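Please keep the sequence and the model at hand while reading.

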Amino acid sequence: MEKHWSAVCALILVLGVYVHLDTAFPADTECSVRENRGKCPKRFWGIGLCAEFCTNDCDCPSNKKCCSNGCGHECMEPMTEKPGNCRRPQGTQLCAEFCYHDGECPGAEKCCKTTCGHACSVPC
């Protein structure tokens with residue numbers, strides 16, 4: 001009987017470790033199947049940080065998507081198109097990219113071409 005005690009103790013120890021690891025790192029099955037609506041925005045310039053800030057959409061807050069930034073992945077607003085049309089660019093040259101798609105603009109504003117870039121503006 002003494003010979004079997006060590007085997008029983010070893011089995012109990014292994015079972016205890018298995019149960020601890022199973023509860024310490026639960027499988028997140030809901031996360032692996034959830035995909036937020038919309039598409040990832042296209043990259044128009046450069047490379048983002050070479051770090052993995054997310055692995056899929058459920059790692060992101062609200063409706064953001066886990067998208068490639070050119071080197072790693074980060075949570076981004078999904079590319080969307082809001083109703084309305086952009087006005088024709090006028091006035092002084094504004095050479096900056098303040099937005100890349102409508103989803104980055106507040107409220108009903110759209111991402112519209114300026115004389116030399118893009119900016120959020122009220123649609124017509």
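Is Cys124 buried or exposed? In this predicted model, Cys124 counts as exposed, at 56% relative accessibility.

**Cys50 and Cys71**
- The sulfur atoms of Cys50 and Cys71 are 1.7 Å apart and form a disulfide, and because the torsion about the S-S bond is about 110°, this disulfide is right-handed.
- Cys50 sits in the loop between α2 (29-33) and β1 (65-68), and Cys71 in the loop between β1 and β2 (73-76), so the pair ties together parts that are 21 residues apart in sequence.
- Cys50 is exposed at 60% relative accessible area, while Cys71, at 36%, is partly exposed.

**Cys60 and Cys75**
- Cys60 and Cys75 form a disulfide with their sulfur atoms 2.2 Å apart, and the link is left-handed, with -85° about the S-S bond.
- Since Cys60 lies in the loop between α2 and β1 and Cys75 in strand β2, the pair ties together parts that are 15 residues apart in sequence.
- Cys60 counts as buried at 6% relative accessibility, whereas Cys75 counts as partly exposed at 23%.

**Cys95 and Cys116**
- A disulfide with an S to S distance of 2.2 Å joins Cys95 to Cys116, and this link is right-handed, with 105° about the S-S bond.
- Cys95, in the loop between β2 and β3 (110-114), and Cys116, in the loop between β3 and β4 (117-121), link distant parts of the chain, 21 residues apart.
- Cys95 is partly exposed at 49% relative accessible area, and Cys116 is partly exposed at 35%.

Notes
Residues are numbered from 1 along each chain as its sequence is written. This is a predicted model: local features need pLDDT of at least 70, side-chain atom pairs count only at pLDDT 80 or more; totals for chains, interfaces and linings use all residues. Side-chain values use heavy atoms; hydrogens and water are left out. A disulfide is a pair of cysteine sulfur atoms within 2.5 Å. Helices (H or I, at least four residues) and strands (E, at least two) are DSSP runs, numbered from the N terminus. Buried means under 20% relative accessible area, exposed over 50%, partly exposed in between (1.4 Å probe, protein chains only).
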